[in-house]
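Morning, everyone. Please have the sequence and the model open.

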Amino acid sequence: MKLIPSGLAAAVSLLLAASPLQAWAAQPAAPVTQTTVYLNGERLVLSAAPIMRDGTTLVPFRPIFEALGMPVAWDPQQRQIKGRSGQTDIVLTIGSRTATVNGKQMSLTAAPEAVNGAAYVPLRFVGEASQYAVAWNPASRTITLNRRTGSTTASSPTASTSAQSGQPNKSSAEQNAAGRINGEITGEAAGAGKSWNIELWQVLPDGRQQKHSDAVTDTLGRFSFSGLTIGQTYIAQGQWPDSASLRADRFVYQDDPPPILMQAMPNTAVIRFLLPDGEPTVSSDIRLVRSGPYSAQDEPGGIYHIDGTSTYLLTALREGGKYTVTAELDNELAGYTVAAPLIFTYAAGQQNRYDVQLREPSDMQLSGKVVDESGAPMHNIKVDFFDPNDGKWYRSAYTNKDGRYFMDGFAEGRRYSYIVRPPSPTSGTRSEFGYNANETFTYTAGLKELPTQTIRRVQLTGTVNSQQGAPAQAFVTLEDAAGKPIATYPAGEDGYFGLAGLIAGHSYTLTAVPLGSRITASTGSWLIGSAGNQVKKTFVFDPSKPTIEILLSAETQTPLLGGKIQTTDGQAAAQAKVYIEFTDGGASRSFTSTASSDGFFFVRTDGLKKGKAYAVSADGTMKSQTYTFTIEDNKVDLPALVLDLPNR
């Protein structure tokens, strides 16, 4: 039986459609594989999803070896994978449970194997052999690799000249001084005596990058940077165009940091995508598809892109090979087009660098503009469109330097909602700008321009607290005396909200809908409070009293449990069925529910706290693993249900 009666399901859909609540409280992370891998705190982008064999996680060998700073070689005759860096030499053989590390034979819990033309290797073995501590979190299905203190996977800089100036090295204490980090170029393509130009960029809290400094390698491929801040994220990348074939390194700076390892990629072409104003985009919302031959001595290579960089590296190219590259644009780049596929012939010894121009098409269905309170255009502002007809976020657009955004793909006579999101803070954790209320419109062929949206600075701040005084997550809306929505704000785990658009002396009503835990990349599920729990508070705005508190009711209703069903490639599993059995509260109780077109499902909890869940695809051919979960302290630990097993 279905857990949610049709009336309640409609109420939930209405709540989500009437506000940007779903995007904040129930929006999943961008589609990811079932198991997510983090290297030194940064998510590792794999060329294909990890697979499980006898309890062992196998991953495509090339991304993990290169992320560890180990140049790799593929021997097609012996079917062997070889990685070497510094003092570590690893050899694995497809189909064999015996590997060698520095000439010593070692046993594997699962043999490397070939899947769809790519070689997969045991992640834990490779990580630990490379002096990394490997940890598995079954609840979040994440694997973390962190370099052990005092170890590296590549030879440390030891020569007698400094990386940038060529002067004698400083003392060991100065080399490890706070704010300093060393680096090294690795790989056979590094080139003895070759000079590489390295740029260091700092990643700001809103995701933008700010140039930090430059470095030039010495004759041994070493370099260093200083003036870094502990806890900040940085990206080291090769300068365009001469050094662009270096694989970038994204890292969080720590005390006594391991060195930056940048691999010089052989047989590689490098592509950038330029916005209409000529600036390269650092968006990761570009999916490339390549066709053409692979180098004879190598396994099929990949397309490498580090989040926050502007370059895409195409590897394992063959001399004289003709290649075609097509680009699919999504999310923040959805309003742009690429005129034609990139076609080129690879020539060793040449730079093989290509700029691809993005265009704003003249035939886009809708456009709009975002300005600040002075009327000046606001750049890089995200506009989210919501389709309440099927309960999912439709697409997103970003404003250009003129404050304009463009969007396409609307159906005649269909109703849509959209919300303009305030810019992220450049420092601290809170934006100085507030959210507007979301707007709705019905698309017709005659509608070309949406009303200009003004982003205003926060005038009223507050907190949402429980009866016990603890911060509470809630979705907060502000209405004027006539009931017109003025602003919204998703109060997070600290209960904070900030609102704009108020006028002194006017009466307003605040409404807070309490929520459970937010969906995260590590869980894939969330709790959402019933609309019956909402709390209202009416007040007259006084600028001299810019703070307010919302106290939630002590009477709470049991929340709904929401989750996500997806395929192994991260796509939504529409109409899949979820089977949930609660195992507490006396006798066990079993229920089923059907996922929506975007893979989401909602079920009642009825006060129960423990259970297990699995999902079956709409056609009944695939199923997920069975997961246990617990609802505790307003949080739930159920991961996304991935259809990765045959349903026999």
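In what order do the strands of the open sheet with antiparallel pairing come? Keep in mind that this is a predicted model. The order is S22-S25-S27, three strands, with antiparallel pairing. At the edges sit S22, residues 286–291, and S27, residues 342–345. Each of these two pairs on one side only. Neighbouring strands in this sheet are turned by 25 degrees against each other on average, direction ignored.

Take one pair from it. S22 and S25 run antiparallel and share six bridges. S25 covers residues 322–329. For a landmark, find Arg290: Val325 in S25 stands opposite.

Next sheet. This one is open too, with three strands in the order S32-S29-S36. Here the pairing is mixed. The edge strands are S32, at 404–407, and S36, at 453–455, each pairing on one side only. From one strand to the next, the twist averages 30 degrees.

Which sense does the S29 and S36 pair take? Parallel, over three bridges. S29 spans residues 366–372. Look at Asp372: it stands opposite Ile455 in S36.

Stay on S29 and go to Ser367, which is found in that strand. Is Ser367 buried or exposed? Buried: its relative accessibility is 9%, and the cut-off for buried is under 20%, so Ser367 falls in that class. Its side chain has a polar contact of 3.0 Å with the side chain of Arg404. Now set aside the neighbours within four places in sequence. Ser367 is then in contact with Arg404, Tyr405 and Phe406, and also with Lys448, Glu449 and Leu450.

S37 covers residues 460–465. Which strand does S37 join through four bridges? That is S40, residues 496–499, and the two run antiparallel. Within this pairing, Thr461 has Gly498 in S40 as its bridge partner. S37 also pairs with S44, residues 547–551, in the parallel sense over five bridges. There, the bridge partner of Gly462 is Ile548 in S44.

To recap S37: antiparallel with S40, parallel with S44. I'll take questions now.

Note on methods
Residues numbered from 1 in each chain as written. Predicted model: local features only at pLDDT ≥ 70, side-chain atom pairs only at ≥ 80, totals over all residues. Heavy atoms only, no water. Pairing = 2+ DSSP bridges. Axes fitted to C-alpha atoms, helices over the stretch in contact; angles between N-to-C directions. Buried < 20%, exposed > 50% of the residue type's maximum accessible area, 1.4 Å probe, protein only. Polar contact = N/O pair within 3.5 Å; in protein donor to acceptor, adjacent residues only side chain to side chain. Contact = heavy atoms within 4.5 Å.
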